[in-house]
Amino acid sequence: MSNKTINIKICGMKSPENIREVAMLQPNYLGFIFYENSPRNVEEFIDTSIIPTAIKKVGVFVNATIDFIIKKAEQFKLQAIQLHGNETAEYCLELKSTLQKIFKKEDQVNIWKVFSIKDQFDFEIVKPYENIVDYFLFDTKGPAKGGNGYTFDWNVLKNYPSTTPFILSGGIGLDEINAIQSLLDSPESKYLHAIDINSKFEIQPGLKNTETLQKFLSGIENL
């Protein structure tokens with residue numbers, strides 16, 4: 001049994017009614033995708049005041065302009081920016097500087113940088129981003145920018161050399177609860193901050209099944 005508290009992010013939210021239902025489950029994060037090539041792309045304004053303040057709002061972007069990110073961060077009152085494209089460390093530094101200028105210290109927006117993994121990964125790639133981004137997110141390498149529906153080999157994380165906390169993503173569903181237990185019991189979970197779930201809990205892209213989400217959350221709570 002692990003005594004580690006694990007945060008949960010539910011990503012790919014679109015419908016206000018579904019957002020209200022999912023928010024009642026009290027995840028730590030809700031994710032909104034601002035990428036036109038995604039079936040979960042948020043095309044219309046959502047009044048995020050319907051979300052309890054304890055739940056942090058994450059905006060997901062892919063090779064977006066900084067101006068576009070700032071616009072969405074202000075509109076949706078985002079507390080984290082998840083970069084899912086080919087953003088360089090220099091870009092992240094510029095974005096961080098811009099966010100610090102625009103938002104008050106108490107409203108600062110975190111930056112999450114995504115790296116996609118399959119069977120192996122060179123962690124040297126993350127080093128330039130150290131001390132710039134707040135979290136790394138490790139997702140499954142696949143044809144789509146997220147939502148591919150299958151996990152990568154978590155044994156890769158045994159080689160994690162950083163102290164930057166990370167989020168684990170990529171095809172995580174009810175069948176992965178035992179694997180999450182094993183991960184939490186291992187040394188490589190030391191810097192694990194959150195589990196990111198999405199496609200395995202969908203009725204259709206952007207619409208989450210609250211019953212299966214509840215089963216997953218209950219399973220995580222019992223680890």
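In which sense do strands β2 and β3 pair, and over how many bridges? I looked this up in the model, which is predicted. Strand β2 (residues 29–34) runs parallel to β3, and six bridges join them. I noted one of the contacts: Gly-31 has Val-58 of β3 as its bridge partner.

Next I followed β3 (residues 56–61) to its other partner. Strand β4 (residues 80–83) is parallel to β3, with four bridges between them. Here Val-60 faces Gln-82 of β4. For burial I checked β3 and found five of its six residues buried.

I turned to the aromatic rings and found 19 pairs in the structure. Phe-45 and Phe-76 make a tilted pair, with 5.5 Å between centres and 50° between planes. Phe-45 sits in the loop between β2 and β3 and Phe-76 in helix α2, 31 residues apart.

Trp-112 belongs to strand β5 (residues 110–117) and Tyr-135 to strand β6 (residues 135–140), so the pair ties together parts 23 residues apart in sequence. Both residues are buried.

Last, I listed an aromatic cluster, whose members include Phe-115, Phe-138 and Tyr-160. The charged end of Lys-113 lies over the Phe-115 ring, 5.2 Å from its centre.

Methods. Residues are numbered from 1 along each chain as its sequence is written. This is a predicted model: local features need pLDDT of at least 70, side-chain atom pairs count only at pLDDT 80 or more; totals for chains, interfaces and linings use all residues. Side-chain values use heavy atoms; hydrogens and water are left out. Buried means under 20% relative accessible area, exposed over 50%, partly exposed in between (1.4 Å probe, protein chains only). Helices (H or I, at least four residues) and strands (E, at least two) are DSSP runs, numbered from the N terminus. Two strands pair if DSSP finds at least two bridges between them. Rings of Phe, Tyr and Trp (its six-membered ring) pair if their centres lie within 6.5 Å; planes under 30 degrees apart count as stacked, over 60 as edge-to-face and the rest as tilted. A charge sits over a ring if NZ of Lys or CZ of Arg is within 6 Å of the ring centre and within 35 degrees of the ring normal.
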